[in-house]
Amino acid sequence: MSDTELEALFTAGRARRAEPSAALLARVMGDAMAEAEARGAPAPALVAAPRRRGGLAGLVAVLGGWPAMGGLVTAGMVGVWIGYAAPGGLDAVTAAMLGGGYDVSDMVPSLDAYLTEG
Amino acid sequence: MPFDAENEGSDEDLLVAYGQGSAHAARVLTLRLTPRVLGYAARLLRDAAEAEDVAQEAMLRLWRIAPEWRAGEAKVTTWLYRVVTNLCTDRLRRRRGAGLDEVPEPVDEAPGAEARLIAADRAEALDTALAALPERQRQAVILRHLEGLSNPEIAGIMEIGTEAVESLTARGKRALSAALAGRRSELGFEDV
């Protein structure tokens with residue numbers, strides 16, 4: 001088999017790539033938050049870092065910081081995926097966690113197609 | 001408008017920011033790095049469920065090392081690829097030890113255009129031939145030709161010199177060519 005033919009196989013191989021599921025992304029994000037909480041992530045950094053979301057600081061504080069957000073966003077993501085719509089009370093929290101200017105589908109691009117096709 | 005994880009600063013800066021408590025940085029890193037980690041693990045393991053486990057474990061290790069990460073010391077992707085390589089190597093060795101090296105073949109795509117079938121056949125044939133390569137050759141070929149990394153990057157991941165990387169990929173490609181030579185016609189290559 002020539003180098004050109006082998007390269008054609010590599011091209012086909014590159015095109016076939018595993019994509020992360022919404023559930024995996026939610027688990028990875030949940031781990032990030034749990035680890036931050038476990039080492040006592042300082043609240044001021046949480047407030048200062050995401051410049052685009054004005055209301056997040058108070059929301060995080062009210063809800064109890066990293067662990068609460070981790071649980072809520074995970075629950076919200078799974079709710080969206082399994083139930084096709086998040087529980088009403090979680091919508092605002094999830095949206096805030098994911099950034100003021102963003103939508104849940106930004107976190108999970110595959111949801112875009114899923115929701116529009118439905 | 002879809003969120004673009006690629007335009008939010010370097011991986012290294014984001015990891016330091018996460019280490020200082022930025023949830024935004026964690027989110028960007030999750031979206032940017034999980035697909036790469038999962039894709040590489042899936043190629044090495046050929047098992048979707050195991051690849052997900054490895055991807056989550058590698059990302060967890062990244063979150064844990066974040067507070068000690070110093071910008072400029074290393075590339076996050078090099079570190080992550082190395083972690084995934086080691087995690088997958090451990091799993092593959094356990095699998096062989098348990099006599100479970102044979103994993104289910106991926107389910108074929110739904111029938112479609114002929115070109116799509118050929119592409120699927122080629123990807124599958126390559127996957128099967130890669131699985132038969134010696135471990136280090138296989139890692140080097142996947143990193144170079146499927147993950148698209150440079151030889152110096154691969155040298156950093158595999159903790160060997162660039163010449164050794166070149167040798168591994170060259171031997172791996174020769175072995176692939178030999179293994180697939182008998183399937184040229186089946187894979188849509190015409191005799192010249």
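Q: Helices here are DSSP runs of H or I with at least four residues, and strands are runs of E with at least two, numbered from the N terminus. With that in hand, where is the place of B:Thr89?

A: B:Thr89 sits in helix H4 of chain B. Before we go on, this is a predicted model, where local features need pLDDT of at least 70, side-chain atom pairs count only at pLDDT 80 or more, and totals for chains, interfaces and linings use all residues. Residues are numbered from 1 along each chain as its sequence is written, chains are lettered from A and ligands numbered from 1 in the order in which they are written, and side-chain values use heavy atoms, with hydrogens and water left out.

Q: Thanks! Is B:Thr89 buried or exposed?

A: B:Thr89 is buried, at a relative accessible area of 9%. Buried means under 20% relative accessible area, exposed means over 50%, and partly exposed is in between, with a 1.4 Å probe and protein chains only.

Q: And which side chain joins B:Thr89 in a polar contact?

A: That of B:Gln139, at 3.2 Å. A polar contact is a pair of N or O atoms within 3.5 Å; within protein, one must be able to donate a hydrogen and the other to accept it, and residues adjacent in sequence count only if both atoms are side-chain atoms.

Q: What does B:Arg61 form a salt bridge with?

A: With B:Glu57, the closest N and O atoms being 2.9 Å apart. B:Arg61 is partly exposed at 38%, and B:Glu57 is partly exposed at 28%.

Q: Which residues do salt bridges with shared partners join into one network?

A: A:Arg16, B:Arg46, B:Glu124 and B:Asp127.

Q: Now rings. How many aromatic pairs over all chains?

A: Three, over all chains. Rings of Phe, Tyr and Trp (its six-membered ring) pair if their centres lie within 6.5 Å; planes under 30 degrees apart count as stacked, over 60 as edge-to-face and the rest as tilted. B:Tyr40 and B:Tyr81 make an edge-to-face pair, with 5.1 Å centre to centre and 70° between the planes. This pair links helix H2 (residues 23–45) of chain B, which holds B:Tyr40, to helix H4 of chain B, which holds B:Tyr81, 41 residues apart. Both B:Tyr40 and B:Tyr81 are buried.

Q: One last thing: which residues of H8(B) are buried?

A: B:Val165, B:Leu168, B:Thr169, B:Gly172, B:Leu176, B:Ser177 and B:Leu180. Seen down the axis of H8(B), the buried residues fall within an arc of 165°, so they line one face of the helix; the arc is that of the directions from the helix axis to the C-beta atoms. The face turned away from that buried side carries the exposed residues B:Glu163, B:Arg174 and B:Ala178.

Notes. Salt bridge = Lys/Arg side-chain N within 4 Å of Asp/Glu carboxyl O.
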